Amino acid sequence: MGIVAGLDSSSAFTRIVVCDTDTGAVLRQGYAPHPVEPKATEVDPQAWLLSLGEAAGGGLLEGVQAIGVSAQQHGLITLDGQGALVRPALTGNDKRAQVSAADLIDGLGSREAWAQAVGCVPQAAQAVSKLRWLARNEPEAAQRTAGVLQAHDWLVWQLLGRPARRTTDRGAASGTGYWSAATGFYRPDLVELALGHQVALPDVLGPSEAAGTTPEGLLISAGTGETMAAAFGLGVGAGDAVVSLGASGSVMAVHHEALADPSGMITSFADATGMHLPVVHTSNAVRALRGTAEMLGAEDLDELSALALKSTPGASGLVLLPYLEGERTPRLPHAAGTLAGLRRESMKPEHLARAAFEGMLCSLADALDVLRGRGVEVRRVFLLGAAAELPAVQAAAPALFGTQVVVPQPAEYAALGAARQAAWALGVSQGALAAHTPPAWQGAAAQVFEPGEELAVGQAVRQQYIATRDEIHPGAFGQGA
């Protein structure tokens, strides 16, 4: 069919991939950092456009017929009645709205009420909580706010020349806290609860719909949030889960329906294909490894991994509950980490190193079990993040998760997902693709690890972890994970 581009505007940079529409092969790439502080909580959105322009320089987009946009999630861009910025954008890094999130939970009556309304319980990062923060702390700016957008919405709007119609997609809308993935509708009453008055909200497009066409004839697809774009770029489908190993962790899976979770552990996102993407977050993942490396004097995580492999499954009875920063799953915000099972024979560096890896992975297995407990099928797990390359992670993860583990080669999956969406919208517009059938691009190149004969041993390690968790934090998961 031709050539398409996908751009990912993250919190720190813009990446662009230009792909063949039929195969998904990457033909060329561009990159530029954002001219902002690395962890800025307020950003002039023009910085994103400057970065985009730099990344697209040198004729990168020559011959491109359609563009898809992926962008950082949980930002809030406030516009006045004329479409001008009211104030700088609030980014997902901004934690000032924690009290506002709690206020909103009380305002609607309970966590359960929010879960039923929009599939998630307010968190500081979400747009609905930022609106409440704005109303409480900058009432004049709040009063001037007549419309709201997220980062990808705003970029699409700019690329199209700021038309009267503003758009978003299901994926990005599902992270706002005022759109329900289950019903497919906004809850304007929740916007009013947060801000004090109604505002214009962008139209929610379907996965293969186009947001519009530029005066030059370039088709712009619906776009989506980074999480949804990365899942689409990876090629995950029903039966797949994605475990992301950052300082904190997340587990998401493709599912056929939205999940309302009164406990608030599941956030019910929509994906970029018309399916659903329930997500469970943990507060601690690689930070537990880094803390252990510092305690043991290991230079880096590679050294910690090598040390852990000198131990054996079960770490000679040592169990680390890695709740170093409190925990979201289970909901233990004031907890601390626990090291249990200390005996004279277990007090060796290699056993503590092994316990750190097993504790991190068992905590993520707990998050997987939250999804499994709600009927989500998990046949294989995609493991993302630099720590996924560590031999100790690859050795332990399949048996602890109880399933095949896929470690994709590093790639720009969010940008690739945006490009694949652009190819889909282009194909539909040309009559070459059906609205419900995305282009069949080749999946991610990856290493595959099977639990094999280690499965029984891994499940014994998990039971050891669960027994310790339930003894230290009884009832954390109700009747257990």
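A: Begin with how the elements are defined: helices (H or I, at least four residues) and strands (E, at least two) are DSSP runs, numbered from the N terminus. Keep in mind that this is a predicted model.

Q: How many helices and strands are there in the protein?

A: The protein has 15 helices and 24 strands.

Q: What does the radius of gyration say about the overall form?

A: The value is set against what a compact globule would have. For 481 residues that is near 23 Å, and the protein has 23 Å, so the two agree. The C-alpha trace spans about 70 × 50 × 40 Å along the principal axes. Of the 481 residues, 57% count as buried.

Q: What share of the contacts join residues at least 24 apart?

A: Among contacts between residues at least 6 apart in sequence, the share is 72%.

Q: How do I read one side of a helix from the other?

A: An α-helix has 3.6 residues a turn, so residues three or four places apart point the same way. Take helix α1, residues 46-55, where A47, W48, S51, L52 and A55 are buried. These residues cover an arc of only 140° around the axis, which puts them on the same side of α1. The face turned away from that buried side carries L50 and E54, both exposed.

Q: How is a pair of packed helices described?

A: Two packed helices are described by the angle between their axes and the distance between the axes. Helix α10 (residues 286-296) packs with α12 at an angle of about 170°, the axes being 9 Å apart. Angles over 145 degrees count as roughly antiparallel, and α10 and α12 are therefore roughly antiparallel to each other.

Q: Which residues make the contact of α10 with α12?

A: From α10 come V286, L289, T292, M295 and L296; from α12 come P349, L352, A353, A356, F357 and M360. By class, 10 are nonpolar, one is polar and none is charged.

Q: At what angle do α11 and α12 pack?

A: Helix α11 (residues 301-308) and helix α12 (residues 349-372) pack at about 110°, with axes 7 Å apart. That angle makes α11 roughly perpendicular to α12. On the α11 side the contact is made by L301, L304, S305, L307 and A308, and on the α12 side by P349, E350, A353, R354 and F357. This contact has seven nonpolar, one polar and two charged residues.

Methods
Residues numbered from 1 in each chain as written. Predicted model: local features only at pLDDT ≥ 70, side-chain atom pairs only at ≥ 80, totals over all residues. Heavy atoms only, no water. Axes fitted to C-alpha atoms, helices over the stretch in contact; angles between N-to-C directions. Parallel < 35°, antiparallel > 145°, perpendicular 65-115°, else oblique. Contact = heavy atoms within 4.5 Å. Nonpolar A, V, L, I, M, F, W, Y, C, P; charged D, E, K, R; others polar. Buried < 20%, exposed > 50% of the residue type's maximum accessible area, 1.4 Å probe, protein only. Arc of directions from axis to C-beta. Rg over C-alpha atoms; globule rule 2.2 N^0.38 Å.
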